[in-house]
Amino acid sequence: MPNGSMIIYGKNINMRNEFGFYGLGFEKSHFDVRKGNDKVIAFHQRFGAKIVDEDELDYFFNFEKNDYEITKEKYRRYLYNDSKF
């Protein structure tokens, strides 16, 4: 089971994705993560985001709506569970 801080981070990312994909109608999310931030990079890759480019400081990710829909089912018990951790 993910630790508590990753669950909170995951819930925040989930809210961003819900709003972007369903509230605003976007089909993709584009974002960057600073190189060396290994836990966050691994988190996004586990969630289905793909590195599409990089520069000397950052990795640039794309995350598509259909990948989000698959992943949110996989992690549903962590993202939608209101129990304490």
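Two strands are taken to pair if DSSP finds at least two bridges between them, and strands here are DSSP runs (E, at least two residues), just as helices are runs of H or I of at least four, both numbered from the N terminus. In this sense Asp-32 stands opposite Phe-60 in β3, within an open sheet of three strands whose order is β1-β3-β2. The model is a predicted one, in which local features need pLDDT of at least 70 and side-chain atom pairs count only at pLDDT 80 or more, while totals for chains, interfaces and linings use all residues. Residues are numbered from 1 along each chain as its sequence is written, and side-chain values use heavy atoms, with hydrogens and water left out.

**The sheet**

- The sheet has antiparallel pairing throughout the order β1-β3-β2, and β1 and β2 stand at its edges, each with a single partner strand, so one side of each is left without a neighbour in the sheet.
- Neighbouring strands of this sheet are turned by 30° against each other on average, direction ignored, where axes are lines fitted to C-alpha atoms (for helices over the stretch in contact) and angles in general run from 0 to 180 degrees between N-to-C directions.
- Strand β1 (residues 28-34) is joined to strand β3 (residues 58-64) by seven bridges in the antiparallel sense, and Lys-28 has Glu-64 in β3 as its bridge partner.
- Strand β2 (residues 50-54) runs antiparallel to β3 and is joined to it by four bridges; Lys-50 is partnered with Asn-62 in β3, and Glu-54 with Tyr-59 in β3.
- The strands β2 and β3 form a hairpin, with three residues between them.
- Helix α3 (residues 65-74) packs on the sheet and touches β2 and β3, its direction making about 80° with that of β3; contact here means heavy atoms within 4.5 Å.

**The two faces of β1**

- In a regular strand the side chains alternate between the two faces of the sheet.
- The covered face of β1 carries Ser-29, Phe-31 and Val-33, whereas Lys-28, His-30, Asp-32 and Arg-34 belong to the uncovered one.
- Ser-29 counts as buried because its relative accessibility is 13%, given that buried means under 20% relative accessible area, exposed over 50% and partly exposed in between (1.4 Å probe, protein chains only).
- Leaving aside neighbours within four places in sequence, Ser-29 is in contact with Arg-16, Asn-17, Phe-21, Phe-61, Asn-62 and Phe-63.

- Not counting residues up to four places away in sequence, Asn-17 touches Tyr-22, Ser-29, Phe-47, Phe-63 and Tyr-68.
- In helix α2 (residues 38-47), the buried residues are Val-40, Ile-41, Phe-43, His-44 and Phe-47; they cover an arc of only 160° around the axis, which puts them on the same side of α2, the arc being that of the directions from the helix axis to the C-beta atoms.
- On the other side of α2, Asp-38 and Lys-39 are exposed.
- The residue that follows α2 is Gly-48, whose phi is positive, near 115°.

**Aromatic rings and charges over them**

- Rings of Phe, Tyr and Trp (its six-membered ring) pair if their centres lie within 6.5 Å, with planes under 30 degrees apart counted as stacked, over 60 as edge-to-face and the rest as tilted; by this rule the count comes to seven aromatic pairs.
- The rings of Phe-43 and Phe-47 have centres 5.4 Å apart and planes at 20°, so this pair is stacked; both residues lie in helix α2, four residues apart, about one turn of the helix.
- Phe-63 and Tyr-68 form an edge-to-face pair, with 6.1 Å from centre to centre and 80° between the planes.
- Phe-63 is buried, with a relative accessible area of 3%, and Tyr-68 counts as buried at 0% relative accessibility.
- Ring pairs link Phe-21, Tyr-22, Phe-43, Phe-47, Phe-63 and Tyr-68 into a cluster.
- A charge sits over a ring if NZ of Lys or CZ of Arg is within 6 Å of the ring centre and within 35 degrees of the ring normal; Arg-16 lies over the face of Phe-31, at 5.1 Å from the ring centre, and the charged end of Lys-35 sits over the ring of Tyr-59, 5.2 Å from its centre.
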